[in-house]
Amino acid sequence: MSRGPAHAEPTLRLTDVHAWIGQSSILHGIDFDVPARAVTVLLGRNGVGKTSILRSILGFLRCEGEIRFDGMDLTKLPTHRVALSGIGYIPEDRDVFHGLTVAENLRLAERRGATVDYGRVYDLFPDLAKRSRQLAGTLSGGQQQMVSVARALLNDNQLLLIDEPTKGLSPRLVTELVTSLEKVVQDTTVLLVEQNLAAARRLADHVVVIDQGRVVADESADSMFGDGERLRDMLGVGSARAARGPHS
Amino acid sequence: MNDFVLIVISALGLASLYFILASGLSLIFGLMRVLTFAHGCFLTLSAYVAWLVVREFESASTGMLLIGVVAAIAAGGLISLVTELLVIRPLKGKELEQLLATVGISVAVVALIQGTWGPDQHLVEVPAWLRESTGILGTDIPNIRLVLIAAAVAVLIAIKVLLGRTRYGLVVRAGVENAEMVSALGIDVQRSFTVMFTIGGLLAGFGGALTAMYYRGVTPLMGDDLLIFAFIALIVGGLGSIDGAAIAAVGLALAQSLANFYIDSGAGDIVIVLLMVVTLLVRPQGLLGQKERLA
């Protein structure tokens, strides 16, 4: 879904990033750029370090190297400062606050002194307005995913980190969510981890493939998805089917 | 009938002290997952501060008492703040080390108090009206018991408002579930930990002043004695549940007082421990305890 050439200056640049969980080294010198106003998709098998890259950017993991965003090295910042610098996060397991209502989940995401855009959120997910007083823990998986996405969209973030948004959703909900995300990514820079290759293909401008904590490919989506055999070799899955079309 | 009314209202007064101490422990555990054994010595130290302030006045007046209460609350908050910054925060994520450190603080503070002011009780002067009684259902109820009950109700309401009606409460309730995600929304969770630990200390300070008034004196171990019952209320009510702590404090204090009166003096402590054991066997999470939830 190319949106034209990316800006010359990337929104995010990772340079020689190493990360650890406890004593275990999990990222071994990650280098790649996230171009502005484009969707960069991280692909790779389970456990190769895709989520760890997002968690390193957010400051959840101990890491070394440089993660440069908007002139700042994020590795020096605590997580809340990373978020306040203009980065929204949609986590792998939604992580909505079950004991809070939908409205409270959204209110918590409001940043002090910043303009929040409820109109944009409710345009995308009108169901949330109707369910504002419902406890988030009683929502379906798809509705919880809407809350999770809405929290990140409420503020005017320069970059969205989205981790497997379609995980655990029914095929119908996946289609609905990807359609919503297509609208979201129109004017936002996105770094997306996605195992659903059909969804990834619909959204991606740029693809970075990770294996064993290292970058093994970094190229345009057209180039990557145009070569199904190579993608299948790199991912070890039935990616040729995904490469054939967006709705497979 | 008169005995029964007196016992019940006296028990509610005692329950108030248990609850005020337990509520601070509950708030701290709910958000930070820290069980602090230093809370008792915070109460003791605050009570001593109240005593030091009150004894500076020539006559026991309500105004003097209020100044003592405010000083005790401030002392409780201050020592909690310092403890969080210097001890709890550097040990973040090391729950056993945090627990042991708070035990060490408790021992050290009690020793410091004993070394400074001696092991004996020091009398605390209270205004005349606080030594008098009020007739309720034909029974003369000491006013201090009514003050304790009113204070506990005020604390419960204040905590409910804080958690339910303020943005800070929203942060706390969310942080109990998933502190990492709260920080990913741009909220400084570490600061929330510090504030919550300090609020717990403020409550210990308030409890210290009230305990000093209730017993009309201060002793080095007064906080630790109460801490045991506050912990039992916390466990029976459900770790992290404010409502549970309130219900458990009332139930335990009633059982304790009734057993002391109708069975034998001292039987109440045994009954309380038995109630805790039965609760843990029947409902291990406590009366209102839920996994990862602050009610």
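A residue counts as buried if 20 or more other C-beta atoms lie within 10 Å of its own, as exposed if 12 or fewer do, and as partly exposed in between, with C-beta atoms placed from the backbone. Helices (H or I, at least four residues) and strands (E, at least two) are DSSP runs, numbered from the N terminus.

The model is predicted: local features need pLDDT of at least 70 and side-chain atom pairs count only at pLDDT 80 or more, while totals for chains, interfaces and linings use all residues. Residues are numbered from 1 along each chain as its sequence is written, and chains are lettered from A and ligands numbered from 1 in the order in which they are written.

**Stop 1: helix 7 of chain B**

Select residues 167-184 of chain B. This is helix 7, with 18 residues. Of these 18 residues, 13 are buried, so helix 7 is largely enclosed by the rest of the structure. Now take the distance between its end C-alpha atoms. They are only 16 Å apart, short of the 26 Å that a straight helix would reach at 1.5 Å a residue. The expected span is 1.5 Å times one less than the number of residues.

Where does helix 7 of chain B bend? Center on B:Asn178: the bend there is about 125 degrees. That angle lies between axes fitted to the seven residues ending at a residue and the seven starting there.

**Stop 2: helix 6 of chain B**

Select residues 143-165 of chain B. Helix 6 has 23 residues and should span 33 Å at 1.5 Å a residue; its end C-alpha atoms are 32 Å apart, which agrees. Color the buried positions: B:Ile144, B:Arg145, B:Leu148, B:Ala151, B:Ala152, B:Val155, B:Ile159 and B:Leu163. An α-helix has 3.6 residues a turn, so residues three or four places apart point the same way.

What do the buried residues of helix 6 pack against? Show helix 1, helix 5 (128-131), strand 3 (139-142), helix 7, helix 8 (189-215) and helix 10 (242-262), each in chain B.

**Stop 3: the core and helix 1 of chain B**

Select B:Tyr18, B:Leu21, B:Ala230, B:Ala233 and B:Ala249. In the largest nonpolar core, which has 177 residues, these five touch the most other members. Such a core is a set of buried Ala, Val, Leu, Ile, Met, Phe, Trp, Tyr and Cys residues joined through C-beta atoms within 7 Å. Helix 1 (residues 2-32) of chain B gives the most to this core, with 18 residues.

Zoom in on B:Leu21. Leaving out residues up to four places away in sequence, B:Leu21 touches B:His39, B:Leu43, B:Ala204, B:Gly207, B:Leu226, B:Leu227 and B:Ala230. Contact means C-beta atoms, placed from the backbone, within 7 Å.

Move to B:Arg33, in the loop between helix 1 and helix 2 (39-54) of chain B. Its phi is near 60 degrees, a positive value in a residue other than glycine. B:Arg33 is partly exposed, with 16 other C-beta atoms within 10 Å.

**Stop 4**

Zoom out. Chain B has 11 helices and 4 strands. Its radius of gyration is 19 Å, close to the 19 Å that the globule rule gives for 295 residues, so chain B is as compact as a globular protein of that length. The radius is taken over C-alpha atoms, and the rule is 2.2 Å times the number of residues to the power 0.38. Of the 295 residues, 52% count as buried.

**Stop 5: across to chain A**

Show both chains. 15 residues of chain B are in contact with 19 residues of chain A. The chain B side has 7 nonpolar, 3 polar and 5 charged residues. Here Ala, Val, Leu, Ile, Met, Phe, Trp, Tyr, Cys and Pro count as nonpolar, Asp, Glu, Lys and Arg as charged, and the others, Gly among them, as polar.

Chain A has 11 helices and 10 strands. Of its 248 residues, 48% count as buried.

**Stop 6: two residues in chain A**

Select A:Leu192, in strand 8 (residues 189-193) of chain A. A:Leu192 is buried, with 25 other C-beta atoms within 10 Å. Beyond residues up to four places away in sequence, A:Leu192 touches A:Val39, A:Thr40, A:Val41, A:Leu42, A:Ile162 and A:Leu203.

Finish at A:Arg94, in the loop between strand 6 (87-90) and helix 3 (102-109) of chain A. Is A:Arg94 buried or exposed? A:Arg94 is buried, with 24 other C-beta atoms within 10 Å. Its phi is near 70 degrees, a positive value in a residue other than glycine.
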